[in-house]
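Here is a short report on one protein model.

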Amino acid sequence: MTPVIKCVHSFQRSIRDRRASRRQPRGNTPILGTSDPEVDDIGVPIWDGCSKGGVTSKNDKKPGKKPSREQCARWQTSLENVLDDPKGAAHFMQFLASEYCSENYEFWKEIKQLKEDNPSGDKLKKKVKNIYDKYIGESASKQINVNGRLKVAIRDAVDEPYLEMFDEAQKFVIQLMRDGPYRRFIDEDNLQKLQRGQG
């Protein structure tokens, strides 16, 4: 079989065609997996309005750290709405850090990630041990405030871990956040500061 020699122009045209087919189409439809999400000035992914269900306004999609009135209204209805919104979670984390109690949120987030990753065997053992050492153990660097019964139950499960072993502690810290810092976070004065970009 003899090789077919293409004309230089048709070869260049085929390269241009391949490159054009790889480019992202115009409009608001990103190609999945082609790039990292765009983030605003505090590192929060700019929500595309599609990835999570919910009512959005045009301002919700704009870059910047100021939340819209609609977002703030959703945040006031439940802690879950704050945590499900990337911008809300980032602002809540900043608020917790200002009150020196971010370890509860960080613990909750790590447990959520552990469940999403769904490791098993040695990987699960290693991750569980890291979480225990960081948040539960006697010399934990970010010790969370859980009762002695929960600490003992978790400590006893570290050698033979399972994914649900932190469930009670996770529920406990969510309740702590809901009863304390969340109520202060959704205070009208605080939300108005955030909307003015002062948070």
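Glu103 is buried yet has no salt bridge. The nearest side chain of opposite charge, Lys142, is 7.8 Å away. Buried means under 20% relative accessible area, exposed means over 50%, and partly exposed is in between (1.4 Å probe, protein chains only). A salt bridge is a side-chain nitrogen of Lys or Arg within 4 Å of a carboxyl oxygen of Asp or Glu. For charge, Lys and Arg count as positive and Asp and Glu as negative, while His and the chain ends are not counted.

This is a predicted model: local features need pLDDT of at least 70, side-chain atom pairs count only at pLDDT 80 or more, and totals for chains, interfaces and linings use all residues. Residues are numbered from 1 along each chain as its sequence is written, and side-chain values use heavy atoms, with hydrogens and water left out.

Glu103 lies in helix 6 (residues 103-117). Helices (H or I, at least four residues) and strands (E, at least two) are DSSP runs, numbered from the N terminus. What does Glu103 contact, leaving aside its neighbours within four places in sequence? Its partners are Tyr135, Lys142, Gln143 and Ile144. Contact means heavy atoms within 4.5 Å.

Glu106 is also placed in helix 6. Glu106 counts as buried, at 17% relative accessibility. Beyond its neighbours within four places in sequence, Glu106 is in contact with Met93, Tyr135 and Lys142. With Lys142, the side chain of Glu106 forms a salt bridge (2.4 Å, N to O). Glu106 lies in helix 6 and Lys142 in the loop between helix 7 and helix 8 (148-157), so this pair ties together parts that are 36 residues apart in sequence. Lys142 is partly exposed, with a relative accessible area of 32%.

**Salt bridges**

How many salt bridges does a search of the whole structure find? The count is nine.

| Pair | N to O distance |
|---|---|
| Glu80 and Arg178 | 2.4 Å |
| Asp133 and Lys129 | 3.0 Å |

Take the pair of Glu80 and Arg178, whose side chains meet in a salt bridge. Glu80 lies in helix 4 (residues 79-84) and Arg178 in helix 9 (residues 167-179), so the pair ties together parts that are 98 residues apart in sequence. Glu80 is partly exposed at 36% relative accessibility. Arg178 is partly exposed too, with a relative accessible area of 24%.

Asp133 and Lys129 sit four residues apart in helix 7, separated by about one helical turn. Asp133 counts as partly exposed at 36% relative accessibility. Lys129 is partly exposed, with a relative accessible area of 38%.

Helix 7 also holds Asn130. At 46% relative accessibility, Asn130 counts as partly exposed. Asn130 and Ala140 are ten residues apart in sequence and 9.9 Å apart in space, C-alpha to C-alpha.

**The nonpolar core**

A nonpolar core is a set of buried Ala, Val, Leu, Ile, Met, Phe, Trp, Tyr and Cys residues joined through side-chain atoms within 4.5 Å. The largest one has 39 residues. Which of them touch the most other members? They are Phe92, Tyr105, Phe107, Ile136, Phe166, Met177 and Phe185. Helix 7 (residues 121-136) gives the most to this core, with six residues.

Consider Phe185. Not counting residues up to four places away in sequence, Phe185 touches Trp75, Val82, Gly88, His91, Phe92, Phe95, Asn190, Leu191 and Leu194.

**Cysteines**

A disulfide is a covalent bond between the sulfur atoms of two cysteines. The test used here is a pair of cysteine sulfur atoms within 2.5 Å. By this rule there are zero disulfides. Cys72 is buried at 3% relative accessibility. Cys101 is buried at 15%.

**The whole protein**

The protein has eleven helices and zero strands. Buried residues make up 34% of its 199 residues. Among contacts between residues at least 6 apart in sequence, 54% join residues at least 24 apart. The accessible surface comes to about 13400 Å², and carbon and sulfur atoms account for 50% of that. Accessible areas come from the Shrake-Rupley method with a 1.4 Å probe; for residues, only the protein chains shown count as cover.
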